[in-house]
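Thanks for coming. I will take a few minutes to go through one structure, starting with the chain as a whole and then turning to the ligand.

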Amino acid sequence: MSFAELGLHPLVLKCLETTGYTTPTEVQRQAVPAALDGHDLLVSSHTGSGKTAAFLLPSLHRLAQPSALPGNGPRVLVLCPTRELALQVQKQAMIYGAGLRKLRTVCLVGGAPFGPQFQALRHHPEVMIATPGRLIDHLERGRIDFSRLEVLVLDEADRMLDMGFIEDIEHIVARLPQSRQTLLFSATLDGMVGRIAAEMTRDARRIEVASHAAHKANIDQRLLFTDDVGHKHKLLDVLLRDVGLSQAVVFTATKKSAEELSETLREQGFAAAALHGDMPQHKRNRTLQRLRDGQTRVLVATDVAARGIDVAGISHVINFDAPRQAEDYVHRIGRTGRAGRAGIAVTFVHGRERGLIRDIERYTGQAVRVDVIPGLEPMARADRPFAKPRFGKGKPWQDKPRGAPLRDHTAQRRDDGRPGENRSGWQDERRWGPASNALARQPDGRPARDHAPARHDTRPRGRQSW
Ligand code: AMP
């Protein structure tokens with residue numbers, strides 16, 4: 001199927017030619033015609049699926065015709081969970097809408113100065129992209145007239161709810177005309193998302209594009225068991241020095257650890273930078289630009305800040321701290337394998353965090369392969385339960401970074417002494433067998449190895465490219 005067959009306006013089709021996209025993605029094939037027919041939509045789709053174009057193209061198609069209503073307020077409103085995602089959406093709107101006469105967009109996001117936003121509002125933008133909090137700030141100043149709004153998009157609705165935006169969203173939606181079309185995009189349509197969807201849409205068509213697994217088929221997902229923070233640093237060093245790595249996003253659990261890790265990496269000579277929510281917007285923009293330009297090779301980021309990053313050169317995602325939820329994992333690894341390329345996602349996991357890996361595998365429907373870096377094998381074997389008594393007081397998991405709480409149930413589930421399952425291959429014994437004599441046992445059953453500082457410098461390279 002071609003884009004022309006979707007029924008889009010010729011001006012929009014013309015702009016699409018400049019993007020180099022040849023065929024619509026699955027979510028675009030399903031969502032665009034339904035949206036053009038005027039239906040409300042509930043779409044379960046994931047980052048990397050082409051979902052942004054799936055809602056922007058039919059919205060811009062509308063804008064190719066003049067509004068039937070008087071006024072000069074926005075005609076399309078896109079609500080996004082984060083500033084980065086909002087900026088990304090605006091960028092795409094400008095690309096797909098470049099052929100529309102005088103299309104104006106505005107991005108109203110927190111952390112950015114109000115002045116330029118007031119200025120942009122004075123030009124009566126047709127497309128408004130906003131994070132809920134900042135939009136409410138503007139609404140309270142009485143600066144926005146939604147009387148001719150035609151389309152509301154809730155992008156990554158699940159994420160907005162996770163971030164506690166429910167009241168803000170309800171407050172905003174109450175100000176919008178009933179006649180609008182509502183397009184809701186979310187990783188999941190269950191639970192709370194289903195509830196707001198029922199409240200905010202009418203006779204919505206439900207579109208569920210292929211499973212998470214299909215979208216991540218181009219991402220090689222690997223898991224490295226780790227003993228402690230020192231071990232993580234050594235593993236990271238090996239990964240970052242791999243010749244196959246062009247650019248990487250390294251995820252940490254907290255803003256502070258993102259800052260600290262990026263500083264450490266810079267000291268080690270890596271072109272690293274941090275990205276987190278405490279940074280002023282102009283600094284975040286500059287950091288992202290340097291990433292796009294290739295000046296930054298390693299971005300150390302937190303979950304929220306990294307949403308929406310779309311840089312084709314990112315070959316690797318490294319979860320220095322394992323994500324707290326399966327949804328976060330999907331979003332994180334979606335930073336690589338962009339624009340049809342292959343990517344590698346490596347997650348550092350302590351044995352105690354295995355429950356989380358099971359959640360991720362259940363959520364994505366894909367096994368995450370256990371791997372080892374020769375010479376840097378973990379002291380504790382992955383196929384053994386990490387019951388505390390086995391290790392006495394040593395507790396190698398004790399130095400889990402502060403501020404990286406695991407969900408209780410995931411943290412505890414595998415501490416019950418049950419033997420590991422081989423359900424999905426994440427305890428792949430074959431990867432461990434010949435690794436090295438590092439797995440020789442001490443009398444107490446622990447492997448007889450330590451992480452001598454120089455050890456990884458003389459290590460053999462892994463069998464495959466990292
Ligand atoms: P998204 O899921 O909206 O974050 O989009 C993921 C990536 O796919 C972005 O880099 C888009 O520019 C790209 N993209 C969107 N639609 C298409 C398409 N039909 N063909 C190829 N790439 C696309």
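Accessible area here comes from the Shrake-Rupley method with a 1.4 Å probe. On that basis the protein chain exposes about 19000 Å², and carbon and sulfur atoms supply 50% of that area. Please keep in mind that this is a predicted model.

Now the chain itself. The protein chain has 466 residues, and 56% of them count as buried. Its secondary structure consists of 18 helices and 14 strands. As for contacts, take those between residues at least 6 apart in sequence: 77% of them join residues at least 24 apart.

Next, the ligand. Which residues come nearest to the ligand? There are 15 residues around it, and the nearest are Tyr-21, Gln-28, Gly-50, Thr-52 and Asp-310. Sorted by class, this shell holds 9 polar, 3 nonpolar and 3 charged residues.

Three of these residues can be described at the level of atoms. Tyr-21 places a polar side-chain atom 2.4 Å from an oxygen atom of the ligand. For Thr-52, a polar side-chain atom lies 2.5 Å from a ligand oxygen atom. With Gly-50 the backbone is involved: one of its polar backbone atoms is 2.7 Å from an oxygen atom of the ligand.

How much of the ligand does the protein bury? Taken alone, the ligand exposes 500 Å², and the protein buries 83% of that.

That is the end of my part.

Key. Residues numbered from 1 in each chain as written. Predicted model: local features only at pLDDT ≥ 70, side-chain atom pairs only at ≥ 80, totals over all residues. Heavy atoms only, no water. Near = heavy atom within 4 Å. Polar contact = N/O pair within 3.5 Å; in protein donor to acceptor, adjacent residues only side chain to side chain. Nonpolar A, V, L, I, M, F, W, Y, C, P; charged D, E, K, R; others polar. Helix = DSSP H or I, 4+ residues; strand = E, 2+ residues; numbered from the N terminus. Buried < 20%, exposed > 50% of the residue type's maximum accessible area, 1.4 Å probe, protein only. Contact = heavy atoms within 4.5 Å.
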